Amino acid sequence: MRASHELRVLSVYEGFFSGGARIVHSDVVLGLAEGGQSHQVLSIHGEVRREATSQRMEDDACYRALTAAGVGVTSLGRSAGLVDGSLAADAFSGPELAGTARSMAGADVILSLKEQPLALLNQGGLPRRPVVVCLHRSDPENQGPALDELKAAIADGTVVACVCCAESTRAAYEAAGIPAELLHVIPNGVDLLRFRPDAAARLAFRASLDIAPTAPVVVFAARYAPMKNVPLLLRAARAWLAREPEGHVLMCGAGMSDENPALRADIEAAFGADRHLAERIGLLGVRHDMETVYAGADAVALTSVSGEAAPLCLIEGMMCGAVPVTTDIGDSASIVDGLGFVTPPDPDAIALAWSAAITSRADLAPALELSRERFSRTRMIAAYATLLDEVYASHVGGQRVVAQHAVGDAVAPLPVPEDDAAQYALASEAGLLQGPLFGDVLGLGVGLDPHHGAVREEVADEL
């Protein structure tokens, strides 16, 4: 059996473009590589056009972070416009398949970022490798043919496990016909050293936008996509800005710029005769310093109506001290429980919640501080590492994976060969070690939850 620090993993991306799923997955790859695993990334597209923005792989922050850390990134070189829920293509040329086969041949396990890359991985003649699909949405039926690709890959034994970033994801895919024993919940986590309250950064960021230190600020971090319900956000902004003469609403993400004609039209429609209020909406576009943006805000808003599972903006914003206000979508309500506000999809209700969040910011600060360990990146990466070890171990000699994280009763662990009894490093932090397959994570006071595939704390709020 291959030891954890020698495990070779290939991640397959549909492309490098702005979005929380790519940010989370790239951070997982970085963390696992820091822990000693060997990671490579294959991107189907080298350039995509989404959210009214042309996005080249080489310009992407995730690509730059991965390559700077020594993770090899290659691409099939495709260039296409992608639409939510649809595949750009499901036919591949001989050279594309040959390049894919070369990348797969050097891997022990394949990670598919969402189910869309399965259109490639399901092609005949590619090397046989166990595939783990990382699922980041709660609407599998709205993913075009991708759900059928996932079911086909499960049926022929190619896909042996699915990582769900939220309980809502697990429930939705189980309801859609994915076997429960393959679904493992590993909640999203963030780098707590990066995402934290920062008074100096807060003042500097506000000064850069000519916003007063005491002015109320709401940030909306999302790509310009229907699921994000930008028109609802703008109607709420109109109601809130009319009551808050010093208030500002900042919008950032792909397509959140004045260069997007659809967004300009949305603003015109939402504000109408009150167009002067829109002067206090800041369109910041794609930002690579989101920790600074969140530190400069009082509240972080989410108005999505579909698709969301565990929105990264809520977690990152909270960890920087911004109070979350969200619609009840995916796991959002449980994420902000006791830390923020959940609203109906009504602009007036959302505007009132923004004011309540800003008023309550000082009172909620202690609870936000106490929640930090719950959203730790280290815990997320530890759970991924454990699952990858299990997948590899259970496929020695052609064995099918035995799910240890599925909903339901825990399954007895596989026997560990005598020559693999030594523990091996899970991550770069000193003292963070794990037994060969199913041992507790040491040095953190946490263990493996057999029902959810996450790393659980030995405290009540993680149960």
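Biologist: What kind of aromatic pair do Trp-240 and Trp-354 form, and how do you know?

Modeller: The ring centres of Trp-240 and Trp-354 are 5.8 Å apart, with 85° between the planes. Centres within 6.5 Å count as a pair, and planes over 60 degrees apart count as edge-to-face, so Trp-240 and Trp-354 form an edge-to-face pair.

Biologist: Which parts of the chain does this pair link?

Modeller: Trp-240 belongs to helix α8 (residues 230-243) and Trp-354 to helix α13 (residues 347-359). The two residues are 114 residues apart, and the pair links distant parts of the chain.

Biologist: How many aromatic pairs does the structure hold?

Modeller: There are 3 aromatic pairs. One of them joins Phe-16 and Tyr-63.

Biologist: Why is the pair of Phe-16 and Tyr-63 called edge-to-face?

Modeller: Their ring centres lie 5.9 Å apart and their planes meet at 85°. The cut-off for edge-to-face is over 60 degrees, so the name applies to Phe-16 and Tyr-63.

Biologist: What makes you say that this pair ties together separate parts?

Modeller: Phe-16 sits in the loop between β1 (8-13) and α1 (20-34), while Tyr-63 is in helix α2 (residues 61-68). These parts are 47 residues apart in sequence, so the pair ties them together. Both Phe-16 and Tyr-63 are buried. Ring pairs also bring in Tyr-13, giving a cluster of Tyr-13, Phe-16 and Tyr-63.

Biologist: Why are α1 and α2 described as roughly parallel?

Modeller: Their axes are 10 Å apart, and the packing angle is about 5°. Angles under 35 degrees count as roughly parallel, so α1 is roughly parallel to α2. On the α1 side, Arg-22, Ile-23, Ser-26, Val-29 and Leu-30 meet Cys-62, Ala-65 and Leu-66 of α2.

Biologist: What makes α1 roughly perpendicular to α15?

Modeller: The axes of α1 and helix α15 (residues 377-394) cross at roughly 75° and come within 9 Å. The range for roughly perpendicular is 65 to 115 degrees, so α1 is placed in that class relative to α15. Residues making the contact include Val-24, Val-28 and Leu-32 of α1, and Met-380, Tyr-384 and Leu-388 of α15.

Biologist: Why does Asp-108 count as buried?

Modeller: Its relative accessibility is 9%. Buried means under 20%, so Asp-108 counts as buried. Asp-108 is located in the loop between α3 (94-105) and β5 (109-113). Asp-108 and Leu-388 are 280 residues apart in sequence, yet 9.8 Å apart in space from C-alpha to C-alpha.

Biologist: What can be said of the protein as a whole?

Modeller: The protein has 15 helices and 18 strands. Of its 463 residues, 56% are buried. Among contacts between residues at least 6 apart in sequence, 70% join residues at least 24 apart.

Biologist: Where is the pLDDT below 50?

Modeller: The mean pLDDT is 84, and 82% of the residues reach 70 or more. The pLDDT is below 50 over residues 1-5, a stretch with 18 contacts beyond near neighbours in sequence. Residues 396-463 are also below 50, and that stretch has 155 such contacts in the model. Where pLDDT is low, predicted coordinates should not be read in detail.

Notes:
Residues numbered from 1 in each chain as written. Predicted model: local features only at pLDDT ≥ 70, side-chain atom pairs only at ≥ 80, totals over all residues. Heavy atoms only, no water. Phe/Tyr/Trp six-rings, centres within 6.5 Å; stacked < 30°, edge-to-face > 60°. Helix = DSSP H or I, 4+ residues; strand = E, 2+ residues; numbered from the N terminus. Buried < 20%, exposed > 50% of the residue type's maximum accessible area, 1.4 Å probe, protein only. pLDDT = per-residue confidence, 0-100. Contact = heavy atoms within 4.5 Å. Axes fitted to C-alpha atoms, helices over the stretch in contact; angles between N-to-C directions. Parallel < 35°, antiparallel > 145°, perpendicular 65-115°, else oblique.
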